[in-house]
Amino acid sequence: MNTPKADILVIDDTPENLHLLSDMLTQQGYKVRSVTKGMTGVRGAIAAPPDLVLLDVNMPQMNGYEVCQQLKQSDRTQDIPVIFISALGDVLDKVKAFAVGGVDYITKPFQVEEVLARIETHLTICRLQKQIQNRNQQLQQEIQERQQAEEKFTKAFRASPHPIAITTLADHRFVEVNPSFVRMSGYTREAILGQTSDDLGLGFRPEAYEQGLKTLLATGSFCNQEFEFRTQGDRWRTVLLSLDRIHLAETPCILQIINDITERKRLENEFISLVSHELRTPMSSIIGSLDILSTGQLGELNEQGKQVLKMATTNTERLIRLVNDILDLERIKSGKINLQKTVCNVADLLTQAAEAMQAMAEKAQVKLIIEPIEANLWADPDRILQALTNLLSNAIKFSEPQGTVWLKAEKTENSPLTTHHSSPYSPDALFITVRDEGRGIPQDKLQSIFERFQQVDASDSRKKGGTGLGLAICRNIVEQHDGHIWAESSPGKGSVFKLQIPLSAKPSASS
Ligand code: ADP
């Protein structure tokens, strides 16, 4: 072994013994100190603690037991292993030797191997004991640090003004919620724990939540995404949801941190709708005036004048579209528009939507193909048409000339949504897809484009004449029909918007 050998103190009043032991140990590479008096040995040990003490039992003045007792009384020497040495004729009180703190004894005459083996054994035990003590100390410190961190987390969890919940990763059951969450949800903590969002009908869109979880697991973060949260009294709150991973008692869990922005949204909506209402009247009057100018009643315009007039008309029309979309969205969201549901023929709906967009498609040199089915749908036909024309208009807008846009309807009995989530659907649902071969949508935007004013590219509204509200309106219309809408895309290859509406919300209306 390369490690330096230990420091051994030999206390024996017989000089021959001392020499014998000392020579033997020195030969083996130990560092040896030897003394003949018990008191000198104790002082020497306290002044410079050795790794082990070999101690004669029978000594004048202070015998071995007393020396050992003294060594065990001092902090500096109490952990040093003491091995007693006794001559063959001596009476060694073994019980007393162990009682005063000895770890072993050797009887003279010694066998070299035995002495060395015993010394090595006790040095090893002592080293291991020290290691264990150090490790224990480290563990104690870690436990203390963890307790402190846990205490901080618990305090922040309890006192946070933001609703926070912890759910299991495996089956989404609530394992803990803070008082703010309890307050916002309207349920008691006991009613929430053990349940899932679906069980309580908290209204998080399941497919958006699943997508959020996937994003979190893939990228390590999911922050501030807008969700609607349904409280116990059936009141809806608009919240920003952030997710993070944590472990609770070895179980992988999800930390949901919620920021309730309902009031901010209400003020924002109020402001937008107020401004929109105020804008509508003057804008109608502007468009009227532009119309009169374009008829030439007030005098013919030269070419430049006509161009300026055209630009003014295009921009005013865009503004009117924006204002109308804002007001529409607000009315649909607030339930001010009552759905006029009736039995609609799906093939007729698709044909009407395609006819309405035919002119736009031709202008953009895009081919429009419809693949209808014969089925009846219980829905508000005007609103469904509004959603379909919005989706078709986007598909055409974002297609290249010579591209194709497909509008297809199918009946589905086992849709991806109904198999993954508990869903209010009857098994028969109408599944409509609007597919294009256009520029596509990046993965990280597939959710957010359904929010108000969210566009993939900030210049889209200017370049493509959109308002950033079309998909928000579509989603509201589809959700009012108890349906779902989502998008899939391969950037560069095209996008597909999929919507699914139960066919037989009214049993008699199913085909
Ligand atoms: P807009 O009036 O801007 O079209 P929407 O809410 O209808 O507003 O769409 C939001 C954004 O989603 C668009 O600005 C565009 O960036 C993206 N988008 C929508 N449909 C498509 C599509 N078919 N192909 C590519 N991007 C699309």
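Which residue does the UniProt annotation "modified residue: 4-aspartylphosphate" cover? I looked this up before anything else in the predicted model. The annotation, which comes from an unreviewed UniProt entry, covers Asp56.

I located Asp56 in strand E3, which spans residues 52-56.

I next listed the contacts of Asp56, leaving aside residues up to four places away in sequence. Asp56 touches Ile11, Asp12, Asp13 and Thr14, and also Gly64, Ile85 and Lys108.

**Entry: the salt bridge at Asp56**

With which side chain does that of Asp56 meet in a salt bridge? I found Lys108 as the partner, at 4.0 Å from N to O. Lys108 lies in the loop between strand E5 (104-107) and helix H5 (112-159), whereas Asp56 is in strand E3, so the pair ties together parts that are 52 residues apart in sequence. I checked the accessibility of Lys108 as well and noted a relative accessible area of 11%, which means that Lys108 is buried.

I also noted that the pair belongs to a network of salt bridges that links Asp12, Asp56 and Lys108.

**Entry: other salt bridges**

How many salt bridges does the structure hold? I recorded 23 salt bridges, and I examined two further examples.

One of them joins the side chains of Asp199 and Arg173, at 3.4 Å from N to O. This pair links distant parts of the chain, 26 residues apart: Asp199 is in helix H8 (residues 197-200), and Arg173 is in the loop between strand E6 (164-168) and strand E7 (174-177). I noted Asp199 as partly exposed, with a relative accessible area of 46%. Arg173 is partly exposed too, with a relative accessible area of 34%.

The other example joins the side chains of Glu371 and Lys408, at 4.0 Å from N to O. This pair also links distant parts of the chain: Glu371 is in strand E12 (residues 367-371) and Lys408 in strand E14 (residues 404-412), 37 residues apart. I recorded a relative accessibility of 31% for Glu371, so the residue counts as partly exposed. For Lys408 I noted a relative accessible area of 30%, again partly exposed.

**Entry: cysteines**

How many disulfides does the structure hold? I found 0 disulfides. A disulfide is a covalent bond between the sulfur atoms of two cysteines. I therefore checked sulfur distances against the cut-off of 2.5 Å.

Cys474 is buried, with a relative accessible area of 0%.

**Entry: domains**

I looked up the domain assignment of the protein chain and recorded domain 1 (7-132), domain 2 (160-260), domain 3 (265-334) and domain 4 (342-502). How far apart do the C-alpha centres of domain 1 and domain 3 lie? I noted a separation of 103 Å between these two centres.

Note on methods. Residues are numbered from 1 along each chain as its sequence is written. This is a predicted model: local features need pLDDT of at least 70, side-chain atom pairs count only at pLDDT 80 or more; totals for chains, interfaces and linings use all residues. Side-chain values use heavy atoms; hydrogens and water are left out. Buried means under 20% relative accessible area, exposed over 50%, partly exposed in between (1.4 Å probe, protein chains only). UniProt positions are given in the numbering used here, feature names are shortened, and annotations may be inferred rather than shown by experiment. Helices (H or I, at least four residues) and strands (E, at least two) are DSSP runs, numbered from the N terminus. Contact means heavy atoms within 4.5 Å. Domain bounds come from an automatic or database domain assignment.
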